[in-house]
Amino acid sequence: MKNSSRRGMRLLSATAIVAAAAVLAGCSAGGAPSSSATPKPNLSRPANEIHIYALGDAAAAVEQAAADRFNKTSEVKVIVDKGSSAGVDYAANVRSSLGTSTAPDIFMSYGAAGIKPYISANALYPLDDFIAQDPKLKSSFLPSVFNEEVVDGKSYGVPMRGVGPVVLYYNKTVLDQAGLKPPTTYNDLLGQIDKLKSAGVTPIALGGADKWPTLMWYEYFYTREVGNADVSKALAGDSSIWGSDASKKALADIRGLVDSGAFGTNYQSVHYANDGSPKLLSSGKAAYELMGNWNYGTIAGDDPGFATTNLGWTTFPTVGGSNVDDLAGNLSNYYNVAADTRYPDTVAKFLAALYGDDFVKGELAIGNLPPTTSAGSLIDSTPGLTPSAQSFLQFQLGIITKAPSFQLSWDQSVSTASAAPMLNAMTSYFSGDSDEASFISAMQALKN
């Protein structure tokens with residue numbers, strides 16, 4: 001999933017990474033970092049600079065502010081290079097640059113599955129030495145989030161940005177004019193579709209052209225019908241779960257919602273970015289959108305007045321009586337470090353900013369809830385937060401604290417080779433181009 005657009009680290013090519021590692025080795029020179037498993041610093045990198053490759057969305061401003069603060073006292077400067085706001089493009093750029101003199105020293109990932117090819121290629125810098133020198137690099141973060149990028153006992157990522165639960169956004173004005181309230185059950189939602197269509201709006205905005213927003217509907221229907229524990233087993237290779245009765249019930253739920261006309265007739269040509277699905281919601285052309293927490297910042301950036309007064313949010317409706325508080329979405333984003341960074345000491349010092357109050361407040365100010373132990377206590381003291389933004393953050397904190405389980409986005413849980421086939425199977429079933437049996441067969445064929 002995005003988080004933002006947080007898609008693409010899963011598309012990493014193992015072949016490309018191995019090649020990158022070879023380049024790393026060929027370019028190495030100078031003194032060795034403390035870990036014997038880490039390549040030597042690449043002295044062809046820019047002198048007196050470390051480069052961060054940031055996802056080019058609204059949250060990049062917070063990372064730039066952190067760099068500006070850091071550079072006031074550091075001889076080695078932090079340069080923030082803003083890339084695409086689309087995760088697939090972002091990941092492709094990281095992949096193509098890794099191992100070269102223009103590769104970022106610090107870049108972003110979404111979880112363990114996405115970085116394993118880098119780890120296998122010895123292209124990531126293990127952060128345990130950093131943590132030994134500064135224990136707060138680990139202890140300041142929620143263990144359940146930090147441990148996602150602990151692989152084979154080594155730490156490779158520091159959480160940054162926010163925890164990303166997927167929630168149901170709505171346009172208060174549209175619902176008021178239709179005489180509706182946010183749904184608490186799936187049947188409530190299904191019962192509103194015809195009323196919203198009669199009112200001349202698309203019931204649910206969906207950036208179907210990007211495929212990954214469609215995934216969120218699968219994640220929640222499976223969370224409710226199958227349960228997060230079994231979903232995790234299925235994504236790990238237990239193919240029997242895809243063919244279970246619970247799985248078929250989830251597929252039937254999806255089929256019923258699509259066939260009701262909930263998503264309109266052209267959702268397959270709508271994108272999330274570039275005035276796509278969020279704009280349909282904020283302009284009153286749609287009533288609902290299911291999206292990650294980053295959507296608040298996207299909407300507030302484009303239309304702060306709407307975010308302040310007319311944007312509403314709630315949890316995904318219950319489906320039956322099971323798993324009603326379970327969540328799906330992204331645990332966090334993570335900063336990773338290139339193994340051949342020229343200035344590891346500077347990198348370590350900069351990473352400490354990620355648990356600092358200034359950075360945490362910066363994330364809170366745009367609606368992100370960082371997975372630090374301090375975030376909850378800083379909401380009320382963060383300057384510039386509107387009552388709406390504070391309410392959204394407290395809402396997130398409440399559902400995250402309450403949730404018995406949190407299902408990591410599927411495309412961040414399966415292998416790189418499986419991500420595209422999985423999305424294709426989902427969009428094909430969603431659009432009606434394939435049936436239940438074809439979807440189940442496709443999911444059972446995913447490679448782990």
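Helices are taken as DSSP runs of H or I with at least four residues, numbered from the N terminus. In the predicted model described here, A417 is found in helix α20, which spans residues 416–431. With a relative accessible area of 56%, A417 is exposed, because the limit for that class is over 50%. A417 and N295 are separated by 122 residues in sequence, and their C-alpha atoms lie 28 Å apart in space.

Aromatic contacts were examined next. A pair of aromatic rings is described by the distance of the centres and the angle of the planes. The count of aromatic pairs in the model comes to 27. One aromatic cluster is formed by Y186, W217, Y218, Y220, F221, F263, Y267, F316, Y429, F430 and F439. Y429, a member of this cluster, also has a charged residue over its ring: R255 lies over the face of Y429, at 5.0 Å from the ring centre. W217, likewise part of the cluster, is 25 residues from W242 in sequence, with a C-alpha to C-alpha distance of 16 Å. W242 itself is placed in the loop between α11 and α12, the latter covering residues 245–259. The relative accessibility of W242 is 2%, so W242 counts as buried.

Salt bridges in the structure number 10. One of them joins D340 to R45, with 2.5 Å between the closest N and O atoms. D340 and R45 are both buried. The two residues also belong to a network of salt bridges in which R45, D105 and D340 are linked.

A further salt bridge is made by the side chains of R161 and D57, with an N to O distance of 2.9 Å. Here too distant parts of the chain are linked, at a separation of 104 residues. R161 lies in the loop between β6 (158–160) and β7 (164–171), and D57 in the loop between β1 and α2 (60–71). Both R161 and D57 are buried.

The side chains of D230 and K233 meet in a salt bridge at 3.7 Å, N to O. D230 and K233 are separated by about one helical turn, because they are 3 residues apart in helix α11 (residues 228–235). D230 has a relative accessibility of 29% and therefore counts as partly exposed. K233, with a relative accessible area of 46%, is partly exposed.

Backbone geometry was also considered. Most residues other than glycine have a negative phi, and most peptide bonds are trans. D152, although not a glycine, has a positive phi of about 50°. The place of D152 is in the loop between β4 (150–151) and β5 (154–155). At 76% relative accessibility, D152 counts as exposed. A positive phi, near 55°, is also found at N323, a residue other than glycine. N323 is located in the loop between β10 (311–314) and β11 (327–330). The relative accessibility of N323 is 27%, so this residue counts as partly exposed.

The remaining analysis concerned open space in the model. Rolling a probe the size of a water molecule over the atoms shows where empty space is left. The second largest pocket holds about 320 Å³ of space. Its lining comprises 20 residues, of which Y272, A273, N274, T298 and D302 are the closest to the pocket centre. Helices α13 (277–282) and α14 (294–302) each supply at least two residues of this lining. The most is given by α14, with 5 residues. By class, the lining of the second largest pocket has 9 polar, 6 charged and 5 nonpolar residues.

How values were computed:
Residues numbered from 1 in each chain as written. Predicted model: local features only at pLDDT ≥ 70, side-chain atom pairs only at ≥ 80, totals over all residues. Heavy atoms only, no water. Phe/Tyr/Trp six-rings, centres within 6.5 Å; stacked < 30°, edge-to-face > 60°. Lys NZ or Arg CZ within 6 Å of the ring centre and 35° of its normal. Buried < 20%, exposed > 50% of the residue type's maximum accessible area, 1.4 Å probe, protein only. Salt bridge = Lys/Arg side-chain N within 4 Å of Asp/Glu carboxyl O. 1 Å grid on protein atoms, 1.4 Å probe; cavity = no way out; pocket = protein on both sides within 12 Å on 5 of 7 lines; lining within 4 Å. Points joined across faces, edges and corners; volume = space filled by probe spheres on them. Nonpolar A, V, L, I, M, F, W, Y, C, P; charged D, E, K, R; others polar.
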